[in-house]
Amino acid sequence: MNKNEIKIFSPATVANVSCGYDVLGFCLDTIGDEMVVRKTDRKGIYITKIEGYDLPLDATKNVAGVSALAMIADAKPNFGFEIEIYKNIKPGSGIGSSSASASGSVFAINELLGRPYNKTQVTDFAMKGEALASGSEHADNLAPGIFGGFTLVRSTSPLEVLQLPTPKDVYATIIHPQIEIKTSDARAILPKTFPLKDAITQWANLGSFVHALHTSDYELLKRSLQDVIVEPHRSQLIPHFAEVKLAALAHGALGASISGAGPSIFALSKGIENAKNVEKAMRNVYSKTSIAFETYVSKINTEGIREI
Ligand SMILES: Nc1ncnc2c1ncn2[C@@H]1O[C@H](COP(=O)(O)OP(=O)(O)O)[C@@H](O)[C@H]1O
Ligand SMILES: N[C@@H](CCOP(=O)(O)O)C(=O)O
């Protein structure tokens, strides 16, 4: 017997991970949204409550509604769904706020339907919602949220997601300056073409990063966490980016870069003590400014979205 209601935790995620623009991502554990989804007699998708941030209740204007509508257009159930969203992830944060909603609704509906879709198909529906926020279909936040751990999106059409291993001692530190950068704006500022020599550097680093995850080679992980394509352009949108990155590296981070489209900055470290030292160092930089900020230290969440 399928359930009528489900409550889920939909975690924040870090996309790009320095060397993997639009393809690489990982899942966080200490911050995420909660959602309640229930079956209702009236057909369609109804967002009945949003707490935390001011977002549209209209299902066609909310990423959670758009992905859910795509799923029910395919599944054609003879009932509908009500969605309540309890947002903790600020929209425009760079830690996958829109992705958590777009993937959370379809994860929950799939559960209530008795899991007719596999994780790749769920991600595909979620991409329809994510496209509303960013202006293009990308799955580098959605895939780690739905699959858990580190993921690589080999292709979005057709969608192919590779689940990568998570070395057991890797922790993430995030600093989120409380300014908003819309993903669509941060995408629009990127050049359309790049020098071949930069592309070579980037794909060498991406390949090495994936190899480092498979072999738990922390030194290689460190050398691979470089972004010569996107970071030089987007870092200009983030106040004190260079200082935060330098501070993180000086206090033991394996690497640091922009989380998603920013303004959040992430670092990866070996061991939770290093990750906490990095958090302190990042906080020190922003404490000297008038910009409000939040920080998080998190293990890599290998489960992804979960029922609570
Ligand atoms: N359920 C939702 N959660 C978050 N943002 C949403 C939602 N529905 C629509 N949006 C819109 O998506 C944009 C935020 O997405 P985006 O710029 O990708 O930020 P983030 O990096 O935090 O995902 C905002 O314009 C917001 O109004
Ligand atoms: N690859 C995308 C990722 C956007 O992530 P978000 O968390 O900022 O929505 C991009 O870099 O544009």
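Which residues in α1 meet which residues in α3? This predicted model gives the answer in the first view below.

**View 1. Helix α1 against helix α3.** Val63, Ala64, Val66, Ser67, Ala70 and Met71 in α1 meet Phe125, Ala126, Lys128, Gly129, Glu130, Leu132 and Ala133 in α3. By class, this contact has nine nonpolar, two polar and two charged residues. Helix α1 spans residues 63-75. The axes of α1 and α3 lie 7 Å apart, and the helices pack at an angle of about 145°. Their crossing is right-handed.

**View 2. Helix α2 against helix α3.** Helix α2 covers residues 97-112. The axes of α2 and α3 come within 8 Å and cross at roughly 145°. The crossing of α2 with α3 is right-handed. From α2, the residues in contact are Ser98, Ser99, Ala102, Ser103, Val106, Phe107 and Asn110. From α3, they are Val122, Phe125, Ala126, Gly129, Glu130 and Ala133. This contact divides into seven nonpolar, five polar and one charged residues. Phe125 of α3 meets residues of α2, and Phe125 is also listed in the contact with α1.

**View 3. Where domain 1 meets domain 2.** The protein is divided into domain 1 (5-164) and domain 2 (170-299). Taken over C-alpha atoms, the domain centres are 24 Å apart. In the contact, 25 residues of domain 1 face 35 residues of domain 2. On the side of domain 1 that touches domain 2, β1 (5-15), β2 (24-40), α3 (119-134) and β5 (150-156) each supply at least two residues. Strand β2 gives the most to this side, with five residues. By class, this side of domain 1 has 12 nonpolar, 12 polar and one charged residues.

**View 4. The shell around ligand 2.** There are 16 residues around ligand 2. Ala15, Gly94, Thr183, Gly260 and Ala261 come nearest. Helix α5 (residues 183-188) supplies the largest share of the shell, three residues. The shell divides into five nonpolar, eight polar and three charged residues. Domain 1 (5-164) and domain 2 (170-299) both give residues to the shell, so ligand 2 lies between them.

View 5. Is asparagine 16 buried or exposed? Asparagine 16 counts as buried, because it has 27 C-beta neighbours inside 10 Å; the cut-off for buried is 20 or more. The residue sits in the loop between β1 and β2. Beyond its neighbours within four places in sequence, asparagine 16 is in contact with Tyr21, Leu24, Asp140, Val230 and Gly260. Gly260 is also among the residues that come nearest to ligand 2. Asparagine 16 and leucine 152 are 136 residues apart along the chain, yet their C-alpha atoms are separated by 9.6 Å.

**View 6. Glutamate 5 in strand β1.** Glutamate 5 lies in strand β1. Glutamate 5 has 12 C-beta neighbours inside 10 Å and therefore counts as exposed; the cut-off for exposed is 12 or fewer. Leaving aside neighbours within four places in sequence, glutamate 5 is in contact with Val36 and Arg38. Leucine 254 is 249 residues from glutamate 5 in sequence. In space, these two residues are 42 Å apart, C-alpha to C-alpha.

Key. Residues numbered from 1 in each chain as written. Chains lettered and ligands numbered in written order. Predicted model: local features only at pLDDT ≥ 70, side-chain atom pairs only at ≥ 80, totals over all residues. Near = placed C-beta within 6 Å. Helix = DSSP H or I, 4+ residues; strand = E, 2+ residues; numbered from the N terminus. Nonpolar A, V, L, I, M, F, W, Y, C, P; charged D, E, K, R; others polar. Domains from an automatic or database assignment. Contact = placed C-beta atoms within 7 Å. Axes fitted to C-alpha atoms, helices over the stretch in contact; angles between N-to-C directions. Left-handed = near helix turned anticlockwise from the far one by under 90°.
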